[in-house]
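Here is a walk through how the chains of this assembly meet. Keep the structure open beside you and follow along.

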Number of protein chains: 4
Amino acid sequence: MFPPKIQKLIDLFSKFPTVGRRTAARFVFYLIKLSKNDFEELLNSITDLRKNIKICSFCFNPFVASTDSAEKLCPICCNPSRDKTLLCVVEKETDLLSIEKTKKYNGLYFVLGGTVSSLKKSDIEKLRIKELKERIKNPSNFGISTNQFQEIILAINPTTEGEATSLYLKRELKPLGIKITCLGRGLPIGGELEYADEETLSSALEGRK
Amino acid sequence: MFPPKIQKLIDLFSKFPTVGRRTAARFVFYLIKLSKNDFEELLNSITDLRKNIKICSFCFNPFVASTDSAEKLCPICCNPSRDKTLLCVVEKETDLLSIEKTKKYNGLYFVLGGTVSSLKKSDIEKLRIKELKERIKNPSNFGISTNQFQEIILAINPTTEGEATSLYLKRELKPLGIKITCLGRGLPIGGELEYADEETLSSALEGRK
Amino acid sequence: MFPPKIQKLIDLFSKFPTVGRRTAARFVFYLIKLSKNDFEELLNSITDLRKNIKICSFCFNPFVASTDSAEKLCPICCNPSRDKTLLCVVEKETDLLSIEKTKKYNGLYFVLGGTVSSLKKSDIEKLRIKELKERIKNPSNFGISTNQFQEIILAINPTTEGEATSLYLKRELKPLGIKITCLGRGLPIGGELEYADEETLSSALEGRK
Amino acid sequence: MFPPKIQKLIDLFSKFPTVGRRTAARFVFYLIKLSKNDFEELLNSITDLRKNIKICSFCFNPFVASTDSAEKLCPICCNPSRDKTLLCVVEKETDLLSIEKTKKYNGLYFVLGGTVSSLKKSDIEKLRIKELKERIKNPSNFGISTNQFQEIILAINPTTEGEATSLYLKRELKPLGIKITCLGRGLPIGGELEYADEETLSSALEGRK
């Protein structure tokens, strides 16, 4: 239907998170219609970001580096006032941001890079499980000045895939002998008992306070 | 549009929970088309229920009484194996059922009869707050053989209206000197960090285990 | 979970259109809590309707009969100012009402009683196809004073089931030699080209005016 | 919350159609994590498209030009087998594609560039109404070899905004003395009488066939 050059870009936009083919086509038309100035601002902003972004060598969270620096750790991992005995494992970068917004957590993070839906080797190898274990065993090798983590918090979504991932992580991390916790279950704000599943409601009852 | 007799019944069905005018009209046509036998089965079932139903004199939960009995308490309140030091306050009967289904609660209940959206006297008077206080103060007056409740659990929905009601109840019940708890907050099964509000996520973090 | 008398009524309410088990349970609790007066008003309204309702002997639309009458035709079929050369076939009573509301149709109706999803004999026999043919062939046998219908409008939903039913009806009615039409396709108010399927958009183009 | 360089790009992505701030943030993280090869493929595809795309001087639809050509018309406007007496006015490029997919239209197009929600001058001036009138009056000035259009089809969405735009266009184009039509209304595939508004149902009745 589309000329190859347009189709190519639609295909590439379709790989963006949450974007389907219809939306990808609208993106292409949006780009085509952008003024020269707006188009160049976008292009420069994209290339600029890629040039200046670094991935934290400890937690894998991306950060914008100062121009002339050799820094390898993100601002959170560098921050001397963060509690370096707590490590919170999240699926992806935006989950880290969600937790930061609560201002109730002051430890470090580790971005796992996804969840597994099965225990297939190929699925599991996509996650940074080896990297996680290395960092828990020897944080100082990665620039974190702590003797040992006291608690690993698995802040993984309580979805089917997330649960499978948490279970797998627990088994893998257990030999390290560190306390492992998961986020508490319960009714979310705005939730209703009538529509809550039994496990959520059981957790809400047990976690009453 | 409709003849008065039909419109009358549509109006009455529109008062049923979750039923709008369109659905009410479909109910009327459904009734009209029922076979004589099915119609009478429905009518008998309704009248039979009304004749045999009693409201528990302690918890206000309806129950079906044995035909020739003078019993005033529902099977839960009568059950000698239930823990009579715990009282769980719910908005409505179906919430009680949701909690029973979890099989994680073995105390007594009290059906409040709704929530308040404001602190207007007229709103508050619709709830069984006076009745709740009387039962907490003197459970034995209502047939419950307990010395005193050790904990009142406010199992009220964490919606805006429910929160207002919980706050009001806490203030009203505080002088009785009994421990008052609310259901735990957190991520429900299937929930995602990315879409959780900050309060829910904070609770999930604090309630980790 | 529920005592048998309550469960029985939940089962019966679950057969109401659009009602699931959860809603059926809420209906039961609603009935239980109704005041004596409101309960009796509802019961009387239901029994009163059943006593006074008749099914039109021509179109099968229910109507409320005058108390002492022998009338067999509904007000639409009786109305001398309706156009008795047009017959509009609808699936169910509420579809008839939807068309009446437009005030753009002045012919007669026939309530088919449903749609078929397959061409299975058992499915088809549930519809009033035989009755429809009899009425088209000899309207005067059923109290309608017309020589012959000039057009049969199949006002069946353009859903998969409705389409199958329309196709079947067309084949069945064709031998009667009367013009058969279907509702026009096109974009509904509020619709968007971008989300329209190709057949709807084709119809909208062809039907431009 | 974000460093300025990231925030800048989130702001720019938020201007993409259908993209909110949350999705824009996910796009940024997606870009950051792309491999060097994939990132450059995307960047090249974007710049390549911008370099090679032209906007048709008649219909304003973008097209990919042959590298060394001076062509100004898109393939549809150039196509000698298209019917040059029909002009179909659409809001946006993807609507043109939706109509092409039906394979039921063989005339020319004109991309209006949006809809108006009010009759405010500032709103109207964003649309290509002046350009439309010029092309209808003198198609040959814009490279279209036709004496005169016989019909202008307003293929504008039947939404509130679209209706206002159609009304305005009709008034503006009427003095040109050419037949103006709108897309037909009716029930879409899968639609149901019960949920159709009265105007849609009236159109469906009138457009029966």
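A polar contact here is a pair of N or O atoms within 3.5 Å; within protein, one must be able to donate a hydrogen and the other to accept it, and residues adjacent in sequence count only if both atoms are side-chain atoms.

## Ground rules

This is a predicted model, where local features need pLDDT of at least 70 and side-chain atom pairs count only at pLDDT 80 or more, while totals for chains, interfaces and linings use all residues. Residues are numbered from 1 along each chain as its sequence is written, chains are lettered from A and ligands numbered from 1 in the order in which they are written, and side-chain values use heavy atoms, with hydrogens and water left out.

## Chains B and C: the symmetry

Let's start with chain B and chain C. Contact here means heavy atoms within 4.5 Å.

## Chains B and C: the interface

In this interface, 47 residues of chain B touch 47 residues of chain C. Together the two chains bury about 4,700 Å², with 78% of that on carbon and sulfur atoms; buried area is the accessible area (1.4 Å probe) that two parts lose on being put together, summed over both. B:K5, B:F16 and B:R50 supply 14% of what chain B buries against chain C, more than any other three residues.

Ten residue pairs are in polar contact between chain B and chain C (both at pLDDT 80 or more). Helix 3 of chain B gives the most to the side that touches chain C, with twelve residues; helices and strands are DSSP runs numbered from the N terminus (H or I, at least four residues, for helices; E, at least two, for strands). That side of chain B divides into 27 nonpolar, seven polar and 13 charged residues.

## Chains D and C

Chain D also superposes on chain C by a rotation of 180 degrees with 0.0 Å of shift along the axis (RMSD 0.1 Å). D:G186 is the residue of chain D that comes closest to this axis, at 2.0 Å (C-alpha). Of the interface residues of chain D, 98% are also interface residues in chain C, so the copies meet through the same surface.

Here 44 residues come from chain D and 43 from chain C. The pair buries about 4,000 Å², 60% of it on carbon and sulfur atoms. D:I189, D:L193 and D:R208 supply 17% of the area that chain D buries against chain C, more than any other three residues. The polar side of the interface comes to eight salt bridges, including D:E206 with C:K209 (3.9 Å, N to O), and 18 residue pairs in polar contact. On chain D, helix 9 supplies the largest share of the side that touches chain C, eight residues. That side divides into 16 nonpolar, 13 polar and 15 charged residues.

## Salt bridges between other chains

How many salt bridges does a search of the whole structure find over all chains? The count is 68. One of them pairs A:E93 with D:K33 (3.1 Å, N to O), running from helix 5 of chain A to helix 2 of chain D. A:E93 is buried, at 3% relative accessible area, and D:K33 is partly exposed at 44%. Buried means under 20% relative accessible area, exposed over 50%, and partly exposed in between (1.4 Å probe, protein chains only).

B:R208 and A:E151 form another salt bridge, with the closest N and O atoms 2.5 Å apart. B:R208 is partly exposed at 27%, while A:E151 is buried at 8%.

Notes
Least-squares fit on C-alpha atoms with pLDDT ≥ 70 in both. Salt bridge = Lys/Arg side-chain N within 4 Å of Asp/Glu carboxyl O. Nonpolar A, V, L, I, M, F, W, Y, C, P; charged D, E, K, R; others polar.
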